[in-house]
Amino acid sequence: MKRIIELQNISKAFDGETVLDNISLEIYDGEFITLLGPSGCGKTTTLRLIGGFETADEGNVYFKGKRINDVPAHKRHVNTVFQKYALFPHLNVFENIAFSLRLQKVEKKEIISRVKEILEMVSLKGFEHKNVTLLSGGQQQRVAIARALISHPKVLLLDEPLGALDLKLRKDMQNELKNIQKQTGITFIYVTHDQEEALSMSDRVVVMSDGRIQQIGTPTDIYNEPVNAFVADFIGESNIVDGVMPEDQKVRFAGHTFECVDSGFAPGEAVDVVVRPEDVDVVSPEKGHLKGTVTAVTFKGVHYEIIVDIGGFKWMIQSTDYAAEGDHIGLFIEPEAIHIMKKSEYSGLYGDYSSFSDELEELSDADSVEED
Amino acid sequence: MIKKNLLRSAAAAPHIVWSVLFIVFPLLFVAYFAFTDGAGAFTLENITSLGEHTQTFVLSIALSIIATFICFLIGYPLAYIITTAPESHQKFYMLLLMLPMWTNLLIRTYSMMAIMDDGGLINNILAALDWGQIHLIGTKGAVVFGMVYDFLPYMVLPIYTVMSKIDRRLLEAARDLGCSPVQVLLKVIVPLSMSGVISGITMVFVPSISTFYISQKLGGGTFELLGDTIERQFQNEATYNVGAAIALVMMVLILISLAVMNRFGDDDEGGVVL
Amino acid sequence: MKLFSRLYLILIFALLYIPIGVLILFSFNSTANTGMLTGLSLYWYKELFSSPDTFVALKNTLVLALSAACISTVIGTAAAVGISRMKSKWAKKSVQSVTNIPMMNPDIVTGVSMMLLFVFVGGMLGLTEKLSFITLLIAHVTFCLPYVILSIQPRLRQMDKSLPEAARDLGCTPLQSFFKVELPTIMGGVVSGFLMAFTLSLDDFVISYFTTGSSYQTLPLMIYSMTKKEVKPDIYALSTLIILSVLVLLIITNVISARNEKRSRKEKK
């Protein structure tokens with residue numbers, strides 16, 4: 001695959017505070033790549049560097065092999081869909097979309113036909129003369145996409161484009177964006193803090209935290225083979241416990257030695273063990289590898305979310321079988337359900353559900369949207 | 001990086017140059033003239049000679065405080081009553097209030113004179129009723145009346161602006177929590193409209209203390225206010241220095257009272273501007 | 001309570017309007033008596049219009065107000081944009097405070113301070129006429145600037161910060177982005193700043209009084225010198241005309257803004 005954009009050892013600080021710490025990333029022509037991470041992780045800054053709105057303190061940005069560090073935004077073949085759309089309030093839908101064509105002095109006839117064509121693509125046929133400030137959020141979003149796509153950029157940057165939409169509309173727009181990307185073949189660089197969105201839309205996901213790239217990979221890789229506790233926790237729900245590898249394909253944690261599929265660690269090496277909540281089977285206490293007491297149960301529709309106390313560590317389990325609070329249950333874990341990670345600076349920070357609460361999670365989600 | 005930042009804000013450069021040349025320099029000149037004599041030598045005489053004008057200072061401050069206070073007493077209820085009117089009426093009332101405000105101060109003052117003059121309307125009516133004459137022009141009351149008349153809209157407008165922005169639901173919440181209508185006024189509306197009151201007071205007090213036209217016309221030349229004294233000094237090049245000294249002291253007085261007021265108001269909006 | 005409020009409103013507005021009403025009424029008086037209506041006539045209007053001074057002063061006032069409003073709007077718009085882009089809080093604050101000085105200072109102090117500057121500089125340059133149209137214009141631009149800037153700043157603050165970025169992203173140079181995107185977005189503030197400057201300049205007496213040359217007379221200055229002499233109803237006539245023009249202007253601007261509001265409300269539906 002052809003490289004279209006390359007970031008090489010980029011560092012950036014604002015007022016002495018490091019935002020990007022030696023980032024290197026290759027982006028291929030025609031792919032849908034997502035920068036994923038919590039607010040303040042540097043994903044938006046990375047996007048702005050590519051768009052030409054920030055300059056790197058150190059490192060280089062290449063576009064098709066040419067260094068573009070000093071090329072101003074208006075000369076880059078890259079267009080952006082902004083977080084709050086940034087539609088020009090004094091122009092109607094048609095003029096907003098035709099903006100870049102007018103600058104390029106494209107012939108009037110061609111402008112009309114191209115705008116018409118792209119309005120059809122984003123399902124806004126007949127909206128030409130509407131006032132953009134009076135459109136709904138979803139419609140504004142479509143105008144912003146059409147405006148950015150009309151001059152056939154090589155790369156489209158999308159900065160949390162669906163952040164302001166409600167859940168239902170968000171799902172629809174995700175599909176539509178994916179379709180547009182397939183149809184046009186344009187490289188999409190997408191920024192979001194929503195892991196579900198990242199997993200369902202992208203060809204590749206770049207997980208970022210604290211100004212560094214934690215992991216790059218396909219959605220399945222990222223979900224199944226997280227490299228450290230941060231990624232494991234940020235992508236989906238995970239129980240992360242301390243473990244020791246006595247030998248290859250054996251791991252001991254929570255007082256029991258399990259069979260597993262990982263190997264290549266030094267004998268006796270301390271590791272982080274990840275077990276996804278849906279991979280744990282609830283069985284009777286005598287049949288389980290582990291035994292514990294249920295401390296909380298929440299009905300989630302498809303399954304129950306059960307919090308189990310095992311030796312002081314709270315596990316989360318998603319099961320279709322009901323267990324009542326206070327029940328003693330056994331947990332059965334298959335070798336394939338166990339994923340082993342090397343110890344990292346994030347070890348011990350995540351993966352314990354003792355203070356877990358749905359409400360808290362939602363609150364902190366809302367916060368991160370605000371901040372971004 | 002620094003260079004780039006400078007370039008970004010370069011649009012402000014003409015204004016900054018202009019402000020330095022025509023705002024900062026002139027004020028420096030006031031200070032320079034206040035501390036030098038006619039030949040340009042340093043002296044404190046201008047400042048010390050201000051003792052002669054103590055009475056003018058006291059009178060000016062007293063009259064403008066009285067006028068400001070009356071404006072507040074009249075203007076606050078007026079603003080409140082306007083905010084309680086239906087919205088379409090509010091616009092009309094504010095238009096009525098703005099019309100005199102946009103009419104030249106000289107004309108407004110002069111129209112007062114037409115009424116209060118010895119041969120003016122009031123005295124003619126009194127004469128017609130055979131109630132004798134009253135001499136209005138030349139009294140301090142006439143000057144205060146003129147200030148109130150001229151500057152009342154400046155008090156009402158900022159108070160109205162702040163009051164009309166108060167969320168109506170707050171008032172309902174206060175009622176819900178057990179406030180009587182009077183308590184709603186005292187405990188919710190008054191504190192929330194304080195920033196408007198502060199700017200209203202400023203906007204009335206500053207022109208009142210510095211006026212010279214009102215006192216010339218309605219004071220009839222029987223006494224002088226600060227503005228008159230300054231104006232008189234600047235009619236003749238020999239007394240520029242004394243005039244500058246008075247202007248400087250007045251400015252400092254106003255700055256101090258503004259600072260004190262803002263401490264009271266502690267509004268972060270920086271007051272209301274027309 | 002309702003009744004009391006209404007009475008209060010009527011009383012205050014009556015007090016505000018009686019003097020103006022009396023003035024208008026007596027401008028139609030047939031004699032020079034300012035206290036007794038002796039008969040209606042347009043005599044004082046004829047007298048006013050027969051004097052060439054009136055027209056010169058009117059022309060001067062309009063020329064001054066228009067030039068001051070144009071210059072201060074251009075400088076002020078650029079300044080508002082420049083200030084909004086300043087990164088350093090300290091620089092922002094100090095520019096803002098200096099800008100606001102003419103608004104906080106009494107007019108008489110602004111007037112005499114500028115007069116001292118002009119007289120001093122004029123003396124150094126050896127000018128015989130130290131005050132002129134130019135000094136008057138400089139003074140008017142100076143006191144209009146803060147009002148222009150203040151009417152634009154809220155619009156800039158409301159403007160989505162990514163609009164100029166979007167413009168550059170779509171191919172605008174920084175200059176194009178200003179004229180094609182930023183300026184149209186803040187246009188409402190620019191227009192109201194211009195109108196504010198124009199009105200303030202029309203209306204100003206105190207600062208003009210100290211900074212104009214003997215050869216440049218504006219309407220407020222003319223009214224002042226007329227009132228220095230004996231009271232005659234020709235000033236009433238002039239004032240009546242000014243009040244009527246202000247009334248017409250106010251009604252027009254209100255009708256326009258009301259109509260705009262109605263339209264935008266309709267579109268929202």
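Predicted model: local features only at pLDDT ≥ 70, side-chain atom pairs only at ≥ 80, totals over all residues.
**Figure 1. How the chains meet.** Of the two pairs of chains in contact, chains B and C share the most contacts. Chain A and chain B do not touch, and their nearest C-alpha atoms are 10 Å apart. The contact between chain C and chain A is shown in the next view.

**Figure 2. The contact of chain C with chain A.** Chain C contributes 16 residues to this contact, and chain A contributes 19 residues. On the side of chain C that touches chain A, at least two residues come from each of α7 (162–169), α8 (174–203) and α11 (233–268) of chain C. Helix α7(C) gives the largest share of that side, six residues. Sorted by class, the side of chain C that touches chain A holds six nonpolar, six charged and four polar residues.

**Figure 3. The two assigned domains of chain C.** The domain assignment divides chain C into domain 1, residues 52–229, and domain 2, residues 235–269. Between the C-alpha centres of domain 1 of chain C and domain 2 of chain C the distance is 23 Å.

**Figure 4. Chain B, a chain of helices.** Chain B has 14 helices and zero strands. Read from the N terminus on, its elements run α-α-α-α-α-α-α-α-α-α-α-α-α-α. The C-alpha trace of chain B spans about 80 × 70 × 30 Å along its principal axes. Of the 274 residues in chain B, 43% are buried. Among contacts in chain B with a separation of 6 or more, 73% join residues 24 or more positions apart.

**Figure 5. Helices α6 and α8 of chain B.** Helix α6 (residues 105–116) of chain B packs against helix α8 (residues 140–165) of chain B at an angle of about 135°, and their axes are 10 Å apart. At that angle, α6(B) is oblique to α8(B). The crossing of α6(B) and α8(B) is right-handed. From α6(B), the contact is made by B:Leu105, B:Arg108, B:Thr109, B:Met112 and B:Met116. From α8(B), the residues are B:Ala142, B:Gly146, B:Tyr149 and B:Asp150. By class, the contact of α6(B) with α8(B) has five nonpolar residues, two polar and two charged.

**Figure 6. A:Asn9, a residue with positive phi in a strand.** A:Asn9 is part of strand β1 (residues 3–14) of chain A. Its phi is near 45°, a positive value in a residue other than glycine. Most residues other than glycine have a negative phi. A:Asn9 has 11 other C-beta atoms within 10 Å, so A:Asn9 is exposed.

**Figure 7. A:His152, a residue with positive phi in a loop.** A:His152 sits in the loop between α4 (137–149) and β7 (155–159) of chain A. Although A:His152 is not a glycine, its phi is positive, at about 50°. A:His152 is exposed, because 11 other C-beta atoms lie within 10 Å and the cut-off for an exposed residue is 12 or fewer.

**Figure 8. The surroundings of A:Leu20.** A:Leu20 belongs to strand β2 (residues 17–28) of chain A. With 27 other C-beta atoms within 10 Å, A:Leu20 is buried, because 20 or more are needed for that class. When its neighbours within four places in sequence are left aside, A:Leu20 is in contact with A:Ile10, A:Ser11, A:Lys12, A:Gly42, A:Thr45, A:Thr46 and A:Gly211. A:Gly40 is 20 residues from A:Leu20 along the chain, and the C-alpha atoms of A:Leu20 and A:Gly40 are separated by 10.0 Å.

**Figure 9. The surroundings of C:Lys92.** C:Lys92 is found in helix α4 (residues 89–104) of chain C. There are 16 other C-beta atoms within 10 Å of C:Lys92, so C:Lys92 counts as partly exposed. Not counting residues up to four places away in sequence, C:Lys92 touches C:Ile83 and C:Met86. C:Gly82 is 10 residues from C:Lys92 along the chain, and the C-alpha atoms of C:Lys92 and C:Gly82 are separated by 9.5 Å.

Methods: Residues numbered from 1 in each chain as written. Chains lettered and ligands numbered in written order. Contact = placed C-beta atoms within 7 Å. Helix = DSSP H or I, 4+ residues; strand = E, 2+ residues; numbered from the N terminus. Nonpolar A, V, L, I, M, F, W, Y, C, P; charged D, E, K, R; others polar. Axes fitted to C-alpha atoms, helices over the stretch in contact; angles between N-to-C directions. Parallel < 35°, antiparallel > 145°, perpendicular 65-115°, else oblique. Left-handed = near helix turned anticlockwise from the far one by under 90°. Domains from an automatic or database assignment.
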